[in-house]
Amino acid sequence: MKKVLFVVLIMLVVFSAFGKEIVFWTAPNPLQESFWKELVQQWNEENPDIQINWSTIPAAGSSEEAILTSIASGRSPDICTNIFSGFAAQLIEADQLVPLETLPGYWELIEQRKMEQIVEGWKFNGHYFVFPIYSNPMLMWWRGDLLQKLGYDSPPRTYSEIYEISEKYSVPNEKFGMQVILGRNWWDRWFDFINYYYAASGGKSYLDLERARATFNDEHGKSVTEFIYKMFKNNWTAVDLGNYPLYNGVVLGGIRGPWEINWAKEQFPDVFDDIVISPPPVPDYYPDEEPVYTFADTKGLVIFKSCKYKEEAWEFLKWVYSNEENDLRWVTMTNLPPARGDLLTNEMFTDYMAENDFFAQYAGFVPYAVPPALTTKTVDIQDALTTYLIEPLMYDRAGPEEALTDIVRRIRTILF
Amino acid sequence: MGLKSLRRIEATKGWSISTVYFIYTAIFWGYPFFWLFILALSKWNFLTPRKFIWFNNFIKMFQDELFWRVVLNTFNFMLYYIPMVLGLSLLFAIALTKIKFFKTFFVLAFLVANVSSGVAYSIIFQRLFAINGPLNKFIYALTGKTIPWFSEPQLAILSIAMMVTWKFIGYYGLILFSGLNSIPKSLYEAAELDGATGWKKFWKITLPLLNPSIVMVLVLAISLVFGIFTEPYLITGGGPMKRTFTFQMMVYTTAFQKLDPGYASTLAIVAALMSFGCVILTRKLIEREVEYA
């Protein structure tokens, strides 16, 4: 017994002196925590010379705030998850991140996970600094039961169809056709305006970062702004829809992410069974046979340049993401579609998809879910979209063309 | 022992006692204060090296539409909040002087609002005032109309002013109550002998002699207006049309969402200066020397 203890002690001393430690931060989310906890434990047992020091991103106002503080104080992690596009752009511009394609086996892993198309959305100056983990397409949820009462068997697809059902359903100050705008926070613009623009334009980017200008003052942008304006003008939607408008029948439909599936199932079990999912609405001219693109609420992980053991950190990530079983565990535990291009075709996920129809529908849109533009000015731009485009349309302070011209000019000033 | 060595011992004692405070102040007040001014003159994004840009942040601020919007919002908010909180706290204080039983219970009941978590009651108010919330359901049943508490620009400011008023009535009311208690009863008795009515006593005795407490409440209320954050941040997000966007929200979003701590520091300095300016002006206009004799 004494001998065993002695050997263990010697091993501990040797590893602490010569072993490599990698600091790894993940999103402070209980479901994701349980996923990583088990995996890190397994890796640490199998790799005593490369130990992962895992914790969640420290508590702060936001993950970004915690990460910034850690960088400013010289205590940044080696690997960090929960990075959104705008923040990634800021980190890249500040030269904090490792271009992942320079690490051995990057393209093999991307190929194995069929992620070629997905990583293109994260390309920055010809490099791939972020490894996307999950991609949440934002889709429409409709109240199938209420639609049927109105005489419709399927949810509306185009703006005109939405106008038609809204006119039938709306009662001033009481009931509305659709929740068009999700809120006043800057991130809400991802889910409404940008999402509608992606749908209308077939996934076209809303910013041209090389020419420092907005691109949505085209026919698609005009259609989207007209749609928002008309819905508010006719009282078919409202600024304040109260609490849980979709489940209380205040609106017939609205944009939702896959994270709402489990919550809705628990909170509103009776209504949940009547929910029907469809892609975001499109202008009337959008071809029937074309797939509808959506916004991808996507987060990725990065390796910081300050990491002493970059290749070892990458080895750990390869170990996690080259095993499909880990993706299945991720799906089962979090219900978030992993960022891989073969979700629908890979047999590993067939059983889960068969049992979880809602998840399957979200997974089906992963290939058409477009991430946001990689700009350091994300917050400024989306704040401006709220103040100078969405709110003037909501309160009828400006017409669609006027608001569109104004916002494009302002975005030019922000980006220039 | 000579006078000199006695002085030295006294001085050593003094220094040793006050040094702890000096060190504490230097670390937790002096250092951030100095750093605030350095930041206000710099361009920085937490990550890349800091660059001195002298007064460019101040120039940028005066050209910033949003800054002027926030200045207007602050005064707009004051217009609702100050009369409302002052009037209601005064009513509460006067009511306390009339109550004979359960006085402590009432004081504590009003103070609960002051010690409650801002996040918790903001969420409660948001639900309460929602377009299909209980308050609007009641109004709709009575009048057939609903009130867009948080979605009409002026109403949104008023709603937030009402919430903050609710929070501070108990606290300010207690300050005014102690002011009322310190007015000698003999003054009222003398006035009654001279045939003064209730209103006359209030205007000629209570209000003038309550001046120090009123000034204190005003100073506290004004500085609070420049520091509001939780309620608009959680309920309206600064909207509609940026009408509930406050100085503290602007400082926070500029520093931590737009990653521009230099500009945020500039805004913090200007907000503090404006707050001091308003306090000084109020004292000059309202403060009076009060003697009870």
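Predicted model: local features only at pLDDT ≥ 70, side-chain atom pairs only at ≥ 80, totals over all residues.
**View 1. A salt bridge between A:Asp383 and B:Lys258 crosses from chain to chain.** The closest N and O atoms of this pair are 3.6 Å apart. A:Asp383 counts as buried, since its relative accessibility is 12% and the cut-off for buried is under 20%. A:Asp383 belongs to helix α17 of chain A, while B:Lys258 sits in the loop between α12 and α13 (261–286) of chain B, so the pair joins two chains.

**View 2. Helix α17 of chain A, residues 378–394, carries a kink.** The kink is about 35° and is centred on A:Thr386. Have a look at the covering of this helix too: 15 of the 17 residues in α17(A) are buried. After the helix comes A:Asp396, with a positive phi near 55°.

**View 3. Chain A and chain B meet, with 30 residues of chain A in contact with 25 residues of chain B.** About 2,600 Å² is buried between the two chains, and carbon and sulfur atoms give 52% of that area. The interface of chain A and chain B has 3 salt bridges, and 6 residue pairs are in polar contact between these chains, counting pairs with both residues at pLDDT 80 or more. On the side of chain A that touches chain B, the elements giving two or more residues are α3 (63–72), α4 (85–93) and α17 of chain A. Which of the elements gives the most to this side? That is α17(A), with 6 residues. Sorted by class, this side of chain A has 13 nonpolar, 8 polar and 9 charged residues.

**View 4. A:Asp192 is a buried residue of chain A.** Its relative accessible area is 0%, and its place is in helix α9, residues 188–201 of chain A. Which residues does A:Asp192 contact, once its neighbours within four places in sequence are left aside? They are A:Val180, A:Ile181, A:Leu182 and A:Gly183.

**View 5. Two loop residues of chain B, B:Phe102 and B:Lys242, have positive phi without being glycine.** For B:Phe102, phi is about 55°. B:Phe102 is found in the loop between α3 (65–98) and α4 (103–115) of chain B, and it counts as exposed, with 64% relative accessibility. For B:Lys242, phi is near 65°. The loop that holds B:Lys242 runs between α11 (230–235) and α12 (247–257) of chain B. B:Lys242 is buried, with a relative accessible area of 9%.

**View 6. Salt bridges within chain A include A:Arg143 with A:Asp145 and A:Arg211 with A:Asp208.** The side chains of A:Arg143 and A:Asp145 meet at 3.0 Å, N to O. For A:Arg211 and A:Asp208 the N to O value is 3.6 Å, and A:Arg211 is exposed, at 51% relative accessible area. Over all chains, the count comes to 26 salt bridges.

Note on methods. Residues numbered from 1 in each chain as written. Chains lettered and ligands numbered in written order. Heavy atoms only, no water. Bend = angle between axes of the 7 residues up to and from the residue. Helix = DSSP H or I, 4+ residues; strand = E, 2+ residues; numbered from the N terminus. Buried < 20%, exposed > 50% of the residue type's maximum accessible area, 1.4 Å probe, protein only. Contact = heavy atoms within 4.5 Å. Buried area = accessible area lost by both parts, 1.4 Å probe. Salt bridge = Lys/Arg side-chain N within 4 Å of Asp/Glu carboxyl O. Polar contact = N/O pair within 3.5 Å; in protein donor to acceptor, adjacent residues only side chain to side chain. Nonpolar A, V, L, I, M, F, W, Y, C, P; charged D, E, K, R; others polar.
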